[in-house]
Amino acid sequence: MKDKKIPTRIYLTEDEIPKFWYNVRADMKEQHDPFIHPATGKPCTAADLEPVFCKELVKQELDCTTRLVPIPDGLMEFYKSTRPSPLIRARFLEKELDTPAEIYYKFEGNNTSGSHKLNSAAAQVYYAKEEGLTHLTTETGAGQWGTALSMACAFYGIDLTVYMVKVSSEQKPFRKAVIETFGANLIPSPSNTTDAGRKILKEFPGTGGSLGCAISEAVEVALKTPNCRYVLGSVLDHVVLHQSIIGQECKVALDKYGIKPDIIIGCAGGGSNLGGLIAPFIGEKINGKSNTRFIAVEPASCPSLTRGKYAYDFGDTGKMTPLMRMYTLGSGFIPSPNHAGGLRYHGMSPIVSKLYHDGYMEARSVKQTEVFDAATKFAKVEGILPAPESSHAIKAAIDEALECKKTGEKKVILFGLSGTGYFDMSAYMSYRDKSMTDYIPTDEDLRKGFDSLPKID
Ligand SMILES: *Cc1c(COP(=O)(O)O)cnc(C)c1O
């Protein structure tokens, strides 16, 4: 009966897009530990962060009390060009799995950048424009963040310099071309445009670069250029806040049909799409109003939640950022080079880390060949080519649905489909020709990363 009324795609109208981001910290019983300034050993103040980040974003970063943060009109205008994103009932996947479970996914890949990252990119660029800044810098690894940010900068008319890890810019020339088409200045990192880059080039002449090095270059340029700041696409609390638009929209759409999810699943790299998807739902759980299960899914090759330590660590390999307490493998941890599934970050959002630490959430890790099995199964029946990152969530959703098949339970499963995989075809190809392998770090491998943890606490 209920099934008949629920459309396959649950759309919201423009006017039904929530007007507020939801700040889950306002409902958390305990806050995560503050950022620590590595030089002083004291909690970071707004004044410490403002030379690097936009003022309003620093304010949002440090605000643990405002529950609902209004989405400014000038940003809503941009959001409406790609949002609301569809919430889709995976009827064909349910049929394929022959499961009594209902499966829904929130699809964030319906914009040219191909992922949820645009939600925070647009917000950050909007505030930069409001503050009168004219230039932004960032780094990008695989390229999704750089693409999203270049789109947002084109829309608001802000100059953007993207330091892209050199090997990625060579391996993904089409990503580079898209970023440049949107008008950004893309510089393969390490480069001779910064002191940090020149130093690394001198020490390691043929290096393919790293995210840590690209961050150092982007921050250096932000500090040295007038009217310029640095922006980051995941991990930080203000990014999770912006991504709460995903969960807010889901909640409105599900409430419309009286659907209550039993399980909510998201992939976790830095934790922003997961944190945003679950935010309003986990708020209800904290307040004793629901008993939903939340599952973070990460790669077995970069298992920060499931095998990492809850400790203060740097956000980057270059050890330039403030220290954050989070689940981490150590900023010196380097995932295996044959890992193609994304989600390679050594740490995890402090908000997601704290929620997990306090027992509100579960985490599991999955192997990359299993992830591509799930991606392929999903693509065939649902007709969307998922990003490898998002496919971690698909894998866990399939496993939960198959569990329901065993027990006969008719659970409602919601997962985040954070993006599409069109630029990841070489990973799909290596899966298909079976050259893809599963690498799981040994305890000894992990120890090397843990040895890089700063000695404080
Ligand atoms: C960047 C990215 C992720 C991982 O980042 P989070 O901050 O953990 O969300 C996941 N999926 C896609 C499609 C991405 O581009």
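Q: How does the shell around the ligand divide by class: nonpolar, polar, charged?
A: This is a predicted model. Its ligand shell has 12 polar, 4 nonpolar and 2 charged residues.

Q: Which residues come nearest to the ligand?
A: K117, S234, S272, N273 and S418. They are the nearest of 18 residues around the ligand.

Q: OK, S234. How far is an N or O atom of its side chain from an oxygen atom of the ligand?
A: The distance is 2.5 Å.

Q: And S272? What does its side chain sit across from?
A: An oxygen atom of the ligand. The N or O atom in the S272 side chain is 2.7 Å from that oxygen.

Q: How much of the ligand does the protein bury?
A: The protein buries 94% of the 380 Å² that the ligand exposes when taken alone.

Q: Which elements give two or more residues to the shell?
A: α13, spanning 272-286, and α17, spanning 388-407.

Q: Switching topic. How many cavities of 30 Å³ or more are there?
A: The count is 4.

Q: What volume does the largest cavity have?
A: About 60 Å³.

Q: Which residues line that largest cavity?
A: T82, R83, S85, F107, E108, N110, N111, S115, H116 and N119.

Q: And how does that lining divide by class?
A: The lining of the largest cavity has 7 polar residues, 2 charged and 1 nonpolar.

Terms used: Residues are numbered from 1 along each chain as its sequence is written. This is a predicted model: local features need pLDDT of at least 70, side-chain atom pairs count only at pLDDT 80 or more; totals for chains, interfaces and linings use all residues. Side-chain values use heavy atoms; hydrogens and water are left out. On a 1 Å grid over the protein atoms alone, a cavity is a set of points where a 1.4 Å probe fits but cannot get out, and a pocket is an open set with protein on both sides within 12 Å along at least five of seven lines; lining residues have an atom within 4 Å of a point. Grid points are joined across faces, edges and corners, and a volume is the space filled by probe spheres set on the points. Ala, Val, Leu, Ile, Met, Phe, Trp, Tyr, Cys and Pro count as nonpolar, Asp, Glu, Lys and Arg as charged, and the others, Gly among them, as polar. A residue is near a molecule or strand if one of its heavy atoms lies within 4 Å of it. A polar contact is a pair of N or O atoms within 3.5 Å; within protein, one must be able to donate a hydrogen and the other to accept it, and residues adjacent in sequence count only if both atoms are side-chain atoms. Accessible areas come from the Shrake-Rupley method with a 1.4 Å probe; for residues, only the protein chains shown count as cover. Helices (H or I, at least four residues) and strands (E, at least two) are DSSP runs, numbered from the N terminus.
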